[in-house]
Amino acid sequence: MGILEKISEIEKEIARTQKNKATEYHLGLLKAKLAKYRAQLLEPSKSAAAKGEGFDVMKSGDARVALIGFPSVGKSTFLSLMTSTASEAASYEFTTLTCIPGVIEYKGANIQLLDLPGIIEGAAQGKGRGRQVIAVARTADVVIMMLEATKGEVQRSLLEKELESVGIRLNKCKPNIYFKPKKGGGISFNSTVTLTQCSEKLVQLILHEYKIFNAEVLFREDCSPDEFIDVIVGNRVYMPCLYVYNKIDQISMEEVDRLARRPNSVVISCGMKLNLEYLLEKLWEYLALTCIFTKKRGQRPDFTDAIILRKGASVEHVCHRIHRTLASQFKYALVWGTSTKYSPQRVGLTHLMEHEDVIQIVKK
């Protein structure tokens with residue numbers, strides 16, 4: 001029996017098994033086996049390494065956004081509207097057959113947008129170049145899931161299932177579980193909260209499935225067996241996702257209103273160029289970027305060339321971005337903007353910068 005058949009058998013057994021107190025250990029073990037087989041499925045075969053051509057695009061700009069969705073939902077049209085890149089768009093499916101990069105210039109930042117080929121059901125198992133598409137999506141900072149407004153619910157659940165099965169967790173935080181394998185001493189299990197979904201016995205059974213007999217486990221929040229398996233596997237990617245419902249000109253206003261009110265969702269129409277500016281605002285918010293402007297002594301700030309950093313960046317991060325030796329020569333910095341109590345404020349390396357702050361660095 002191949003890996004795909006084993007995965008199919010386990011999925012059927014999980015669907016058949018009723019969830020209750022008596023079956024929680026059995027379900028936990030089945031989920032652990034399923035995660036293990038899926039991990040094997042994603043490992044590239046040695047023979048496949050030599051054949052074929054590269055699919056990924058070199059990372060550039062200040063952030064990377066992956067555009068995924070089913071064929072013919074408007075991904076290529078969206079890329080052409082947002083960037084200067086022309087991606088072939090047509091009314092037939094699979095117009096885009098490879099990864100096409102473009103650059104969105106917004107608020108002084110260069111955001112790399114990747115138009116990926118349409119995903120089909122079974123992509124995680126490799127159908128329709130799905131595995132390469134999903135591998136590229138794992139390298140992004142934010143995923144834009146493009147959905148057709150007329151059939152968005154079906155497409156959304158299928159795409160989420162495909163991404164979940166390859167370890168991409170959308171709009172979720174990393175489980176707060178401390179896990180460390182050891183060389184001896186058995187399994188040490190503790191929790192700082194009351195656990196309702198996992199027990200010590202279930203944790204031990206899951207660890208034994210992964211041939212781990214010595215480890216330290218500390219639950220800091222009430223996590224499910226699936227989240228504990230994610231921590232053991234360790235290669236899960238947690239990333240923000242924007243659900244973009246395209247072609248809203250084909251549905252009623254009531255339906256548009258319902259979709260727009262859903263969490264992490266934006267409604268647009270590429271054909272009629274509706275709501276695209278709001279989508280860019282939301283994308284900026286999800287990328288959590290900040291623009292920092294620099295100023296030389298006795299001169300006006302340079303507002304033409306911003307330094308783009310992640311939210312929560314400190315003065316030290318700014319120094320490293322300007323030059324790698326600047327932090328070692330740093331004496332103090334003068335900062336103007338919302339991060340200060342008064343302008344200018346004299347600050348040190350640990351001072352946290354905010355959007356559109358101006359900084360002047362004084363060396364020793």
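Predicted model: local features only at pLDDT ≥ 70, side-chain atom pairs only at ≥ 80, totals over all residues.
**Ground rules.** I number residues from 1 along each chain as its sequence is written. Local features need pLDDT of at least 70, side-chain atom pairs count only at pLDDT 80 or more, and totals for chains, interfaces and linings use all residues, while side-chain values use heavy atoms, with hydrogens and water left out.

**Salt bridges.** I searched the whole structure and found 13 salt bridges. The term means a side-chain nitrogen of Lys or Arg within 4 Å of a carboxyl oxygen of Asp or Glu.

I looked up Arg-258 first. Its side chain meets that of Glu-153 in a salt bridge, 3.5 Å from N to O. Arg-258 lies in helix 8 (residues 253-260) and Glu-153 in helix 5 (residues 152-165), so the pair ties together parts 105 residues apart in sequence. Helices here are DSSP runs of H or I, at least four residues, numbered from the N terminus. Arg-258 is partly exposed at 39% relative accessibility, and Glu-153 is partly exposed at 35%. I call a residue buried under 20% relative accessible area, exposed over 50%, and partly exposed in between (1.4 Å probe, protein chains only).

Next I took a pair within helix 5. Arg-156 bridges to Glu-160, with the closest N and O atoms 3.5 Å apart. The two sit four residues apart, about one turn of the helix. Arg-156 is buried at 10%, whereas Glu-160 is partly exposed at 25%.

Then I checked Asp-230. It forms a salt bridge with Arg-236, closest N and O atoms 2.9 Å apart. Both residues are buried. Shared partners join Glu-164, Arg-169, Lys-172, Asp-230 and Arg-236 into one salt-bridge network.

**Cysteines.** I counted zero disulfides, taking a disulfide as a pair of cysteine sulfur atoms within 2.5 Å. Cys-241 is buried at 0% relative accessible area. Cys-270 is buried at 4%.

**Nonpolar cores.** I define a core as buried Ala, Val, Leu, Ile, Met, Phe, Trp, Tyr and Cys residues joined through side-chain atoms within 4.5 Å. The largest has 63 residues, of which Phe-78, Leu-116, Met-145 and Ile-268 touch the most other members. Helix 9 (residues 276-287) gives the largest share, seven residues. At least three residues come from each of domain 2 (58-172 + 237-287) and domain 3 (290-363); those bounds come from an automatic or database domain assignment.

I listed contacts of Ile-268, leaving aside neighbours within four places in sequence; among them are Phe-78, Met-146, Val-244 and Leu-279. Contact means heavy atoms within 4.5 Å. Another core, of 21 residues, lies apart from the largest one and includes Ala-32, Ala-35, Ile-177 and Cys-223.
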